[in-house]
Amino acid sequence: MTTSVRHLPGWAKAVAALVLVLAVLFAGIRLAVLPGIKDLFGTETHDRSGPALLKSIQDMSRYDAASGNFQVVVDLEKDARFLPDAIRGTRTLYVGAGTVDAYVDLGQVGEKDVTVNADRTSAALRLPHARLGRPALDPDHSYAVSKQRGLLDRLGDLFSDNPNSEQAVQKLAVRHIGDAARSSGLTGRAETNTTDMLQGLLHSLGFREVRVSYRTGG
């Protein structure tokens with residue numbers, strides 16, 4: 001006499017349910033690895049971000065006179081004392097691309113810095129020296145080439161809120177780009193361009209002689 005399914009003991013039903021769940025999961029994994037078949041447990045991405053809020057507005061009085069494009073390869077390695085790299089340690093190879101602007105702050109030019117002769121044919125201007133803006137990393141052209149992590153680091157990533165964070169190498173890339181900008185002569189180019197711009201503008205207004213100089217030490 002065949003035993004009815006509804007009369008199976010509780011433990012048998014639990015085992016049968018577990019076997020069914022495992023069979024479904026196994027089938028899903030097999031479908032996922034087969035080419036041309038959509039992942040059974042495919043994920044969808046939804047952007048539920050709120051609207052961007054305007055926090056403040058600043059009036060800009062600076063003239064952006066030059067911009068430099070930079071690229072740096074960051075090789076960041078972190079080792080643990082007394083442990084091999086295969087157990088504890090990370091090494092990231094990262095290509096960082098970014099820009100740095102050089103500007104002259106025309107808002108610092110006062111009445112004493114501008115001299116015009118009586119017939120308005122000659123003008124002399126004294127400006128502050130050009131300065132560098134903050135380096136801006138370009139996320140579309142910056143990327144990690146390789147990441148090597150020890151076993152303990154991989155296990156730690158399982159419990160991390162942001163296991164693939166590249167914040168450390170990004171900060172290092174920004175610092176190197178800033179250092180490169182300071183030694184690139186970008187501020188000198190910005191001052192040349194600012195001088196050319198002001199001379200061209202004042203010449204178009206009827207001034208025949210225009211002298212532009214930069215303050216000593218500032």
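**View 1. Arg 215, a buried arginine.** At 18% relative accessibility, Arg 215 counts as buried (buried: under 20% relative accessible area; exposed: over 50%; partly exposed: in between; 1.4 Å probe, protein chains only). The model is predicted: local features need pLDDT of at least 70, side-chain atom pairs count only at pLDDT 80 or more, and totals for chains, interfaces and linings use all residues. Residues are numbered from 1 along each chain as its sequence is written, and side-chain values use heavy atoms, with hydrogens and water left out. Arg 215 sits in the segment after strand E8 (209–214) (strands, E, at least two residues, and helices, H or I, at least four, are DSSP runs numbered from the N terminus). Its side chain reaches the backbone oxygen of Gln 108 at 2.6 Å. Beyond neighbours within four places in sequence, Arg 215 is in contact with residues including Gln 108, Val 109, Gly 110 and His 129 (contact: heavy atoms within 4.5 Å).

**View 2. The Asp 113–Arg 215 salt bridge.** The closest N and O atoms of Asp 113 and Arg 215 are 2.8 Å apart (salt bridge: a side-chain nitrogen of Lys or Arg within 4 Å of a carboxyl oxygen of Asp or Glu). The pair links distant parts of the chain, 102 residues apart. Asp 113 lies in the loop between E2 and strand E3 (114–116). Asp 113 is buried, at 4% relative accessible area.

View 3. The structure holds 5 salt bridges. Arg 182 pairs with Asp 179, with closest N and O atoms 2.4 Å apart. Because they are 3 residues apart in helix H3, about one helical turn separates Arg 182 and Asp 179. Arg 182 is exposed at 59% relative accessibility, while Asp 179 is partly exposed at 36%. Arg 211 bridges to Glu 209, with closest N and O atoms 2.9 Å apart. Arg 211 is partly exposed at 44%, and Glu 209 is partly exposed at 39%. Elsewhere, salt bridges that share partners join Asp 113, Arg 126 and Arg 215 into one network.

**View 4. Leu 125 in the largest nonpolar core.** This core has 26 residues (nonpolar core: buried Ala, Val, Leu, Ile, Met, Phe, Trp, Tyr and Cys residues joined through side-chain atoms within 4.5 Å). Val 74, Leu 125, Leu 127 and Val 212 have the most contacts inside it. Strands E1 (62–79), E2 (89–105), E4 (122–127) and E8, with helices H3 (167–182) and H4 (186–204), each supply at least two residues. Not counting residues up to four places away in sequence, Leu 125 touches Asp 113, Leu 198, Leu 202, Val 210, Arg 211, Val 212 and Ser 213.

Key:
A polar contact is a pair of N or O atoms within 3.5 Å; within protein, one must be able to donate a hydrogen and the other to accept it, and residues adjacent in sequence count only if both atoms are side-chain atoms.
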